[in-house]
Amino acid sequence: MRRIVLASAATVSGIVLLLSLKPDSDPAGAAASAVPPQSSVQGGAQAAGTGSFTGDVQQTQYGPVQVRLTVAGGKITVAEAVQQPKGGQSDQINGNAMPKLNQAVVAAQSAQIDAVSGATFTSQGYKKSLQSAIDKMKASAGSAQGSGAGAAQVSGTFTGDAEETQYGVVQVRITVQNNKITKSEAVQAPKGGRSDQITADAVPKLGQAVVAAQSPNVDMVSGATYTSTGYKKSLQSAIDKANASASQQGSGSQGSGSQGSGSQGSGSAPGSAQGSGSQGAGSAQASGTFTGSVVQTQYGPVQVRVTVAGGKITKAEAVQQPKGGMSDQINGDAVPKLNQAAVASGDGDIDAVSGATYTSGGYKKSLQSALDQAGG
């Protein structure tokens with residue numbers, strides 16, 4: 001784990017919210033040409049409660065639910081489910097329930113909404129994820145009310161959620177330096193057959209377009225619609241995490257704040273709990289709980305959570321893993337070994353467990369995304 005240095009000792013007033021990393025808007029009008037980025041908010045309080053906020057993943061009896069809010073001036077303008085139960089009757093039930101829940105949130109401007117009849121489990125998961133998104137929105141708005149002369153400068157590596165497409169998984173990682181995206185890359189992309197050729201052409205173009213535009217608001221690559229769509233969704237969640245880091249940096253110049261535990265589509269990021277000492281430039285090591293992205297494998301999802309103290313992994317655990325049939329036996333043996341290996345190595349470079357290749361591969365990818373959030 002690397003040491004994370006924050007150079008500012010002044011109280012932060014203007015929450016950056018990475019206006020240069022604005023949420024995706026009208027794709028039809030998108031262009032890959034450069035958009036002059038704004039590195040800070042003029043007047044500070046303007047940014048209070050503005051941005052995109054993704055709630056924690058909530059597991060239900062029929063599958064995961066996760067909600068994302070778009071907020072402008074403290075008002076929820078869009079609510080959407082970025083994950084919802086799928087397959088069988090779930091498609092019909094959620095096709096009816098989700099639009100109603102989304103509309104209810106915008107109307108109520110809170111999590112105090114009614115469950116949709118016939119979709120009890122989905123409604124409950126939706127409301128819980130919604131509440132966590134609202135909590136993040138409030139934390140951002142609160143941190144933007146501070147006083148002082150400085151503006152938070154966000155730097156670090158942020159890995160987006162893994163997005164399933166018709167041809168495979170797409171997952172994006174961005175490198176941010178002083179609020180500017182300096183690199184955008186796919187850490188997962190569809191493979192095999194024609195996908196290799198399509199991906200090799202499309203992914204570099206998407207990465208270059210993102211760096212030029214400083215936004216996920218870029219054109220699709222012709223002939224790679226599914227990959228482009230997955231790329232932009234994962235990119236947006238990476239930007240959400242960078243924005244969460246900005247909001248966490250917005251309060252206090254004495255010591256370090258707390259890092260909360262994240263879930264898919266949310267979480268702490270480099271610098272989010274790092275304070276600067278009263279003598280000027282200080283340094284601190286990451287501490288907190290960091291939850292990696294959900295990684296889909298051939299036998300089911302894998303998601304890893306790590307506990308970090310003083311820059312060192314003290315605990316690793318799988319909060320999701322393939323279940324049922326032989327998977328219970330295989331993962332009952334493999335996951336504890338992977339957990340121990342992560343703590344022993346202190347990074348994501350661990351060996352796969354024999355007989356559990358798919359679980360091991362998913363574990364390592366989710367572990368790496370958790371470490372990215374911790375700044376390792």
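1. Starting with Q214: this residue counts as buried, at 2% relative accessibility. Keep in mind that we're looking at a predicted model. Q214 sits in the loop between α3 (194-213) and α4, and its phi is near 55°, a positive value in a residue other than glycine. That's worth a glance because most residues other than glycine have a negative phi.

2. N178 is another non-glycine residue with a positive phi, here near 50°. You'll find N178 in the loop between β10 and β11 (180-188). Buried or exposed, or something in between? N178 comes out as partly exposed, with a relative accessible area of 42%, while Q214 is buried.

3. On to the rings. A pair of aromatic rings is described by the distance of the centres and the angle of the planes. The count for this model comes to three aromatic pairs. One of them is Y167 with Y226, edge-to-face, at 5.5 Å centre to centre and 70° between the planes. This pair links distant parts of the chain, 59 residues apart: Y167 is in the loop between β9 (163-165) and β10 (168-177), and Y226 is in helix α4 (residues 225-248). Y167 is partly exposed at 49% relative accessible area, and Y226 is partly exposed too, at 43%.

4. Now look at Y299 and Y358. Their ring centres are 5.5 Å apart and the planes are at 70°, so this pair is edge-to-face. Y299 lies in the loop between β14 (295-297) and β15 (300-309), with Y358 in helix α6 (residues 357-374), so the pair ties together parts 59 residues apart in sequence. Y358 is partly exposed, with a relative accessible area of 44%.

5. Where is the kink in α5? It lies at G332, shortly before the proline P336, and amounts to about 30°. Just after the helix, G346 takes a positive phi of about 75°.

6. Which residues of α5 are buried? They are S327, N331, A334, V335, L338, N339 and A342. For the spacing, recall that an α-helix has 3.6 residues a turn, so residues three or four places apart point the same way. As for partners, the buried residues of α5 pack against β16 (312-320) and α6.

Definitions and conventions: Residues are numbered from 1 along each chain as its sequence is written. This is a predicted model: local features need pLDDT of at least 70, side-chain atom pairs count only at pLDDT 80 or more; totals for chains, interfaces and linings use all residues. Side-chain values use heavy atoms; hydrogens and water are left out. Rings of Phe, Tyr and Trp (its six-membered ring) pair if their centres lie within 6.5 Å; planes under 30 degrees apart count as stacked, over 60 as edge-to-face and the rest as tilted. Helices (H or I, at least four residues) and strands (E, at least two) are DSSP runs, numbered from the N terminus. Buried means under 20% relative accessible area, exposed over 50%, partly exposed in between (1.4 Å probe, protein chains only). The bend at a residue is the angle between axes fitted to the seven residues ending there and the seven starting there. Contact means heavy atoms within 4.5 Å.
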